[in-house]
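Hi there,

Here is the model we talked about, with the sequence alongside. Have a look at it first, and then read on for what turned up.

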Amino acid sequence: MSLDLGLEGKTAVLTGAGGALCGSIACTLAGQGVRLSIWDISMERGTETAEHIRASGGTAVFIQCDVTDPEAVKEATKETMNRYSTIDILINGAGGSLKDATTSEDLSFFDITLGAMEKGLTLNYFSSLLPCQSVGRVFAGKGEGVILNISSIAGILPLSRAVSYSDAKAAVNSFTRWLSVHMAHTYSTRIRVNALAPGFILTDQNRFLLFDEKNGIFTDRARAILQAVPMARLGEPHEITGAALWLVSDQASFVTGAVIPVDGGFTADCGI
């Protein structure tokens, strides 16, 4: 017997749903009867996700949106409301690492520019904050809603080299906790705000970093990751999806302000 999550008929906004993680979440939500508004900066990837959902019998619309642009976010919110009349769930999944804000053999910490750091913070922090302001206004008006920010274990334990990314995800974690209290105290106790902190998840985007394209074996980086993960393997996108469904459903009705790692035990292991 399958568990009824009570999501059928709900409307969800997902940012970055052209990517592997939020794309997987979007497809699973559609299977639960959720109506979806897919926001992505990539017309190609966002359209592909929405078309896949519709071809599978779900309801989805794609809205091209740069979620680091306040006006674009406001317009996407307006378009979503015009289409569905309401929004019940917001999942913020847009983000990514930037080479110019990551130390390497060619770029020392001392040479990373302020501009590069700001771009990293904008892409990985303000990309969550701005939709929370715009869609959060809808939630405040109706007195209920669920926000889920997709953070990272880098926001809990900063990853080597990824200085701007780690800083931004730490900010997302702090913001999640702050916003959960603010919305409950100021607007409604029926507005919940949580975050997921994925660990090392295998996707098409990072496969080339983890497997040698010539022989298909793990790279040195992948072997180092596996040594640091107690479960000794990489995660898969669907393993994020289950946690996401729980947090946006009434099964987690008493959960707010939580940052949940989905990382195979990585952040629990001190290495001794």
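This is a predicted model: local features need pLDDT of at least 70, side-chain atom pairs count only at pLDDT 80 or more; totals for chains, interfaces and linings use all residues.

Ala232 sits in the loop between helix H7 (220–228) and H8. Its phi is positive, about 60 degrees, although Ala232 is not a glycine. Most residues other than glycine have a negative phi, which is why I picked out this kind of residue. Arg161 is another such case: its phi is about 80 degrees, and Arg161 is not a glycine either. Arg161 belongs to the loop between S5 and H5.

The largest nonpolar core has 34 residues, and the ones that touch the most other members are Leu14, Leu29, Leu36, Ile91 and Leu196. Two or more residues of this core come from each of these elements: strands S1 (11–15), S2 (35–40), S3 (59–64), S4 (89–92) and S5 (145–150), and helices H1 (20–31), H2 (43–55) and H8 (237–248). H8 gives the largest share, six residues. Apart from this core lies another one, of 24 residues, with Ile63, Val73, Val135 and Phe175 among them.

Leaving aside neighbours within four places in sequence, Leu36 contacts Ala12, Leu14, Ala26, Leu29, Ala30, Ile53, Thr59, Ala60, Val61 and Tyr84.

What does Ser37 touch, once neighbours within four places in sequence are set aside? The partners of Ser37 are Ala12, Val13, Leu14, Val61, Ile63, Thr80 and Tyr84. Ser37 is part of strand S2, and it counts as buried because its relative accessibility is 0%, where the cut-off is under 20%. Thr77 lies 40 residues from Ser37 along the chain, and their C-alpha atoms are 9.3 Å apart.

- Ser24 is in helix H1. Its relative accessible area is 18%, so Ser24 is still buried under the 20% cut-off. Beyond four places in sequence, Ser24 is in contact with Gly19, Pro237, His238 and Thr241.
- Ser127 is in helix H4 and is buried, with 1% relative accessibility. A polar atom of the Ser127 side chain lies 2.6 Å from the backbone oxygen of Leu123.
- Ala195 is in strand S6 and is buried, at 0% relative accessibility. Residues up to four places away aside, Ala195 touches Leu148, Asn149, Ser151, Thr176, Leu247, Ala258, Val259 and Ile260. The C-alpha atoms of Ala195 and Val262 are separated by 11 Å, with the two residues 67 apart along the chain.

How many cavities of 30 Å³ or more does the structure hold? There is one, and the volume of the largest cavity is about 30 Å³. Its lining is made up of Gly96, Ser97, Leu98, Ala101, Thr102, Gly120, Asn124, Ser164 and Tyr165. Helix H4 (114–142) and helix H5 (163–186) each provide at least two residues of that lining. By class, the lining of the largest cavity has three nonpolar residues, six polar and no charged.

The second largest pocket has a volume of about 400 Å³. It is lined by 22 residues, and Gly145, Val146, Arg190, Arg192 and Asp250 are the ones nearest its centre. S5 and strand S6 (191–198) each supply at least two residues of this pocket's lining. The lining of the second largest pocket divides into nine nonpolar, six polar and seven charged residues.

That is the tour. Happy browsing, and do write back with any thoughts.

Best wishes

How values were computed:
Residues are numbered from 1 along each chain as its sequence is written. Side-chain values use heavy atoms; hydrogens and water are left out. On a 1 Å grid over the protein atoms alone, a cavity is a set of points where a 1.4 Å probe fits but cannot get out, and a pocket is an open set with protein on both sides within 12 Å along at least five of seven lines; lining residues have an atom within 4 Å of a point. Grid points are joined across faces, edges and corners, and a volume is the space filled by probe spheres set on the points. Helices (H or I, at least four residues) and strands (E, at least two) are DSSP runs, numbered from the N terminus. Ala, Val, Leu, Ile, Met, Phe, Trp, Tyr, Cys and Pro count as nonpolar, Asp, Glu, Lys and Arg as charged, and the others, Gly among them, as polar. A nonpolar core is a set of buried Ala, Val, Leu, Ile, Met, Phe, Trp, Tyr and Cys residues joined through side-chain atoms within 4.5 Å. Buried means under 20% relative accessible area, exposed over 50%, partly exposed in between (1.4 Å probe, protein chains only). Contact means heavy atoms within 4.5 Å. A polar contact is a pair of N or O atoms within 3.5 Å; within protein, one must be able to donate a hydrogen and the other to accept it, and residues adjacent in sequence count only if both atoms are side-chain atoms.
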